[in-house]
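Here is a short tour for anyone meeting this structure for the first time. Take a look at the sequence and the model, then read on.

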Amino acid sequence: MAKMYVNPNVKKGHLNPELQGHFSEHLGRCIYEGIYVGENSEIPNVNGMRTDVVEALKEIHVPVLRWPGGCFADEYHWRDGIGPKAGRKKMINTHWGGVVEDNSFGTHEFMELCRQLGCKTYINGNVGSGTVQEMSEWVEYMTFEGVSPLADLRRANGHEEPWTVDYFGVGNENWGCGGNMRPEYYGDLYRRYQTYVRNYDSKKPIQKVACGANAEDYHWTDKVLETTFDHGYGFMNGLSLHYYTLPTGNWNKKGSALEFDEKEWYRTLKATLKMEELITRHGAIMDQYDPQKRIGMIVDEWGTWYDVEPGTNPGFLYQQNTMRDALVAGINLNLFNKHCDRVKMANIAQMVNVLQAVILTEGAQMVKTPTWHVFHMYSHHQDGELVESFAETREIGAEEHVRVPNLTESVSCSKDGRLHLTLTNLSVDEAEEMECIFAQTKINSGKGTILTGAMGAHNTFEMPDQVHEEDFTAFTVDGDRVSFTLPPCSVLHLELEI
Ligand code: AHR
């Protein structure tokens, strides 16, 4: 029996809803087809945004959306995507699949999507191939209320009021696709570019996000902060981190989304758990410059990255999504909760039809992936307070050198005083008897939801509900204790009244 200890009286920090953020790039069928079909499409839509997808995203309370990339961001010139659609420039999306980008989804459309979702906006600016003037004018176009050439242009294009830009990324992966820069050089550019990301509305200051490291590139974090930090707070509100789960660790042969064995299952989960080390070690460097933790770590790209589905465009990064992905999501979201003192936002890559998508579409059809269900279950954590918790775990795995703890967990207290426990059982085949002990707290009642299935279980357009949440009632409440059996390969949400 594994014991889990929860102390609802010890609050460890606020869980920003943005910890469950999303990322949408002009890549493959994420934006076009997946989200935006245009006003004239036969697929039901509101102002071009497909209704089924928007409704499914609203169910998981998407808190923030990052756009337009990714690598695409550092090739994107925002003026190409405004004004009458017939006059918008057509170009080749050189980075992703060499397809025609007709710019029919631009700034106005992104803001409309965020309006429909009711989410915050995270725009990623172009440092790699754009000018300071271009970036500065984009911010002015979007956020300036008064009279100016750019604000007037926005009005002429049909939007009278300024929009709110909640977060602005100053470049993306500038160590790679965003310009192959050295950290000191990027740090200097960051100082310059961010100067012109003006706050036109002092009541809604834009949170500026600097380009952070790729995985374990600690040198990047250190040097960017060293180069930039003397400007103090407000100058940088967030520093990003990108880390993808690759089952094989080999970019040339990443492995299949659907065809995998137990060994690959545990390798994938172990690779995911590396996120904890990355947060801790990058966080320790950030602590040296910012001990008060005022600069947020922004994990604005995370998720699984497999070989594309056979027969699909390699540049479209389309992959299926199984219970393995559900576990990856559950582990990562628990980790972000546990590190909420430093991690202020995280964005899964990507929202629809790309990498670890929460939604897949095919023509007019749509399926919610196992990852969607995990976001749905974890959405109860949004805006809660992290509560102290600890679970006894044991090491499991299919290979001597690939061992993982059998459980991960996190607990929060929502505004209405309820406790929310989310647990993952990483074992492919072993259930776990659990006893949760709540310090000085009597549990009155509870309810639960579980997601479980065989490790390769997934949803298809023919069978969209193979993997779905089910009510979980097989638990007993006895004073300060809650006991249950956690099935193998599962993600559980328990909501408890105290
Ligand atoms: O999410 C796909 C790509 O991965 C993004 O464009 C880039 O930022 C990262 O390398």
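## A buried tyrosine

Tyr76 has a relative accessibility of 2%, so it counts as buried (buried means under 20% relative accessible area, exposed over 50%, partly exposed in between, with a 1.4 Å probe and protein chains only). You'll find Tyr76 in the loop between strand 5 (64-67) and strand 6 (91-93); helices (H or I, at least four residues) and strands (E, at least two) are DSSP runs, numbered from the N terminus.

A word on the ground rules: this is a predicted model, where local features need pLDDT of at least 70 and side-chain atom pairs count only at pLDDT 80 or more, while totals for chains, interfaces and linings use all residues. Residues are numbered from 1 along each chain as its sequence is written, and side-chain values use heavy atoms, with hydrogens and water left out.

Which residues does Tyr76 touch, leaving aside those up to four places away in sequence? Among them are Trp67, Pro68, Asn103, Phe105, Glu134 and Trp138, where contact means heavy atoms within 4.5 Å. Gly397, by contrast, is 321 residues from Tyr76 in sequence and 44 Å away in space, C-alpha to C-alpha.

## Rings meeting rings

The structure holds 23 aromatic pairs. Rings of Phe, Tyr and Trp (its six-membered ring) pair if their centres lie within 6.5 Å; planes under 30 degrees apart count as stacked, over 60 as edge-to-face and the rest as tilted. Phe72 and Tyr76 make a tilted pair, because their ring centres are 5.5 Å apart and their planes sit at 35°. Both of these residues are buried. Trp302 and Phe336 pair up edge-to-face, because their planes are at 65°, with centres 5.7 Å apart. Trp302 belongs to strand 12 (residues 296-304) and Phe336 to helix 8 (residues 323-338), so this pair ties together parts that are 34 residues apart in sequence.

One aromatic cluster includes Tyr32, Trp67, Phe72, Tyr76, Phe105 and Phe168.

In soluble globular proteins, nonpolar side chains tend to be buried together. Here the largest nonpolar core has 123 residues, and Phe168, Trp302 and Phe336 have the most contacts inside it. Such a core is a set of buried Ala, Val, Leu, Ile, Met, Phe, Trp, Tyr and Cys residues joined through side-chain atoms within 4.5 Å. Helix 7 (residues 262-289) gives this core its largest share, 11 residues.

Phe336 touches residues including Leu19, Met275, Val299 and Trp302. A second, separate core of 24 residues includes Ala2, Met4, Ala391 and Met434.

## Domains and strands

The chain is divided into domain 1 (2-8 + 387-497) and domain 2 (16-383), with bounds from an automatic or database domain assignment. Their centres, taken over C-alpha atoms, are separated by 29 Å. Domain 1 puts 48 residues into the contact and domain 2 puts in 42 residues.

Strand 22 (residues 445-452) runs antiparallel to strand 26 (residues 490-497), joined by eight bridges; strands pair if DSSP finds at least two bridges between them. Gly448 has Leu494 in strand 26 as its bridge partner. Strand 22 is also joined to strand 23 (residues 470-472), antiparallel, by three bridges.
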